[in-house]
Amino acid sequence: MQTLLVTGPGGAGRSTVAAATALAAAREGRRVLLLCGPDADPFPDPVPGLRVTPVDSGQEFRTELAALQERGAALIGMLGGRPLGTEELTELPGAEQFALLRALRRAAAAPATDLVVVDMPPLHQAVATLALPAQLRRYLTRLLPAERQAARALRPVLAQLAGVPMPAQWLYETAARWDEELAAVQAVVEAPTTRIRLVAEPGPAADTALRTGMLGLALHELRTESLVANRLVPADAAAAHPWAAGIAEQQRAFLDAWTGAGLPVHELAHLGRDPRGTGGLAALTAARDLAPGPVPAPGAGWTVEDRLADDGVLVWAIPLPRARKSELDLIRRGDELLVAAGPHRRIVPLPSALRRCTVSGAALTDGALRVRFTPDPRLWPRER
């Protein structure tokens, strides 16, 4: 099963393109599931082979918090607290992200489904949402390490000796359950069958947002499938109206630059109205070409180049297309490397060979950040 995540700069029509993509795939005979917002209704009439599932973040939040209260009822009572009633629970910031991730996990396991199309939030929010499972798992590992659970039998004794209560068992059980759920979502996000489709209206603002967003996607090793250039001025409109000709010329300049970047580009003309319903979505120019093709072979990703014989170093190549040297930063912390690219940050564990090296430099060349590691004589095996 394939998963296609549709996102792009705000106001570019990503929800419309997500619905048109689902429709195009269903008309090819695929069994398609579309995840969209709770208020979206792209298909008022049934479409064979297409199911639509709204994501209700408010209901997800109330259900999860109610379950958490139930599991921690003993601790809440011990502290003198009173559980909140379901009718008292109001959605908090960030609930939409978690609801979307849970819905994505459920959709990936949905039976009789060939393709899941997800209407994601705007690009900068989508990057943060997709990076969330790995980040939260790292926090849980640091704050509540699994090996601490082995000492749970000693907690009553330790509590008496220390004079303070030790963490309750339910805390570790809850952390383990969260880690399991996050791992399942992370597996879906990082699966080779999961790809991202970008939607943008060619222009300077969209170009800036795309560059920054694609930098974040590359940093988190999220694969981009294609770019949809939406709301292009039709040729006849450009010929009939001088003002339209100016917009079309600007769009074409950015479109040529995007096409030259090597990413497949779908062109959708502006209909002069908002596409609504099945008929409106089908009327989009080249809508039949929006159905995703076969999953390509995975790229090289982050690779370690062995240059010990020639230069005495190992080079970790990190693809960061369109990155600028001024917005990059590196920090080595133990066996981890923090990489910052513009507003995006990621902490990754070093491959085993690089853990026995020191960072000796870095350079941005040909769209990749190449970090040089020199073997530490104290840790590196000596030649016999």
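Predicted model: local features only at pLDDT ≥ 70, side-chain atom pairs only at ≥ 80, totals over all residues.
Which side chain meets that of Asp179 in a salt bridge? The side chains of Asp179 and Arg137 form a salt bridge, with a distance of 3.0 Å from N to O.

**First stop: helices H5 and H7**

Colour helix H5, residues 123–143, and helix H7, residues 169–190. Arg137 belongs to H5 and Asp179 to H7, so their pairing ties together parts that lie 42 residues apart in sequence.

**Second stop: strands S5 and S6**

Select Arg197 and Glu225, whose side chains meet in a salt bridge at 2.9 Å, N to O. Arg197 is in strand S5 (residues 194–200) and Glu225 in strand S6 (residues 224–232), so this pair ties together parts 28 residues apart in sequence. Are these two residues buried or exposed? Arg197 is buried, with a relative accessible area of 0%. Glu225, at 12% relative accessibility, also counts as buried, since the cut-off for that class is under 20%.

Now select Arg370 together with Glu305. Their side chains meet in a salt bridge of 2.9 Å, N to O. Strand S14, residues 368–375, holds Arg370, while strand S8, residues 303–307, holds Glu305; the pair therefore ties together parts 65 residues apart in sequence. Arg370 is partly exposed, with a relative accessible area of 22%, and Glu305 is partly exposed at 23%.

Display Arg252, Asp256 and Glu267 at once. Salt bridges that share partners join these three residues into one network. As a general principle, side chains of opposite charge can pair when their charged atoms come close. For the whole model, the count of salt bridges comes to 16.

**Last stop: helix H4**

Finally, select residues 95–108, which make up helix H4.

Conventions:
Residues numbered from 1 in each chain as written. Heavy atoms only, no water. Helix = DSSP H or I, 4+ residues; strand = E, 2+ residues; numbered from the N terminus. Expected span 1.5 Å × (residues − 1). Salt bridge = Lys/Arg side-chain N within 4 Å of Asp/Glu carboxyl O. Buried < 20%, exposed > 50% of the residue type's maximum accessible area, 1.4 Å probe, protein only.
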